[in-house]
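This briefing is for a reader new to the structure shown below.

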Amino acid sequence: MGRPRTNDAAVKERLVACATEMFATRPQESVTVRALATAAGTSTAAVYTLFQGKDGLVREVRDRAVAGLFQDVTAVPTSEVAVEDLYALAAAYRRWGREHRHLYTVLFGGAQSFDPSGRVGDHDPVRPLLAAIDRAVADHTLAGDTTLIAVSLWVALHGLVTLELAGALDGTAAETAFRSTIHAVLRGWAPP
């Protein structure tokens, strides 16, 4: 009879949960494998067995964040009006960030590098945004390069969500800032 397996799915989930919280609230360099293991109530060997080390655990947390955001933005129904879809996608992004603040911080707060101009994969959360922008450009509602429009919309949206998560915007101020900023960015890309 072999030794019982101690590094099971429950240990993996505890490590991911602890890593998500720690990476969102501390500089990545200051989070050690020992600190992660201690917070999860396991040994450092579990981090290496389950994730091949700290970098693997960071990737797992990031991959889960990307998958969750992708799920939420792809759930936004497509309408006949691309600009309305862009607003709905922005609202879904904002809602996901507010509901998953630690994952949002891990994804966009420096624990993992983020390149908004990188290759778009099949399950990349930016894919529905690019599709809606392409439709808006094709129907002449927006004018410009799809990537530049996407980056400008993301920059504004990311700033809003980050300020909201930091407590600098709340309630009516946050809602007003969201609506007016997204509309202003989209108007900025309207044809002359």
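Arg98 is partly exposed, with a relative accessibility of 41%; buried stands for under 20% relative accessible area, exposed for over 50%, and partly exposed for what lies in between (1.4 Å probe, protein chains only). The model is predicted: local features need pLDDT of at least 70, side-chain atom pairs count only at pLDDT 80 or more, and totals for chains, interfaces and linings use all residues. Residues are numbered from 1 along each chain as its sequence is written, and side-chain values use heavy atoms, with hydrogens and water left out.

**Salt bridges**

- The structure holds 7 salt bridges, each being a side-chain nitrogen of Lys or Arg within 4 Å of a carboxyl oxygen of Asp or Glu.
- Arg98 has such a bridge to Glu164, with the closest N and O atoms 3.3 Å apart.
- This pair links distant parts of the chain, as Arg98 sits in helix α5 (residues 82-99) and Glu164 in helix α8 (residues 146-165), 66 residues apart; helices (H or I, at least four residues) are DSSP runs numbered from the N terminus.
- Glu164 counts as buried, at 15% relative accessibility.
- Through shared partners, salt bridges join Arg94, Arg98, Glu164, Glu175 and Arg179 into one network.
- Arg64 and Glu13 also meet in a salt bridge, at 2.8 Å from N to O.
- Arg64 belongs to helix α4 and Glu13 to helix α1 (residues 9-25), so their pair ties together parts that are 51 residues apart in sequence.
- Arg64 is partly exposed at 28% relative accessibility, and Glu13 is partly exposed at 41%.
- Glu60 forms a salt bridge with Arg64 as well, its closest N and O atoms being 2.8 Å apart.
- Glu60 and Arg64 are 4 residues apart in helix α4, which means that about one helical turn separates them.

**A buried lysine**

- Lys54 is found in helix α4, which covers residues 54-74.
- Lys54 is buried but has no salt bridge, and the nearest side chain of opposite charge, Asp55, is 6.4 Å away; Lys and Arg count as positive and Asp and Glu as negative, while His and the chain ends are not counted.
- Leaving aside residues up to four places away in sequence, Lys54 touches Phe23, Gln28, Glu29, Val31, Val33 and Val47, where contact means heavy atoms within 4.5 Å.

- Val33, Leu36, Ala37 and Ala40 are buried in helix α2 (residues 33-40).
- These residues cover an arc of only 95° around the axis, so they lie on the same side of α2; the arc is that of the directions from the helix axis to the C-beta atoms.
- Arg34 and Thr38, on the other side of α2, are exposed.
- The buried residues of α2 pack against α1, α3 (44-51) and α4.

**Aromatic rings**

- There are 5 aromatic pairs in the structure; rings of Phe, Tyr and Trp (its six-membered ring) pair if their centres lie within 6.5 Å, and planes under 30 degrees apart count as stacked, over 60 as edge-to-face and the rest as tilted.
- Tyr93 and Phe108 form a tilted pair, 6.0 Å centre to centre with 40° between the planes.
- Both Tyr93 and Phe108 are buried.
- Phe108 and Trp154 form a tilted pair too, at 5.6 Å centre to centre and 50° between the planes.
- Ring pairs link Tyr93, Tyr104, Phe108 and Trp154 into a cluster.

Definitions and conventions. Helix = DSSP H or I, 4+ residues; strand = E, 2+ residues; numbered from the N terminus.
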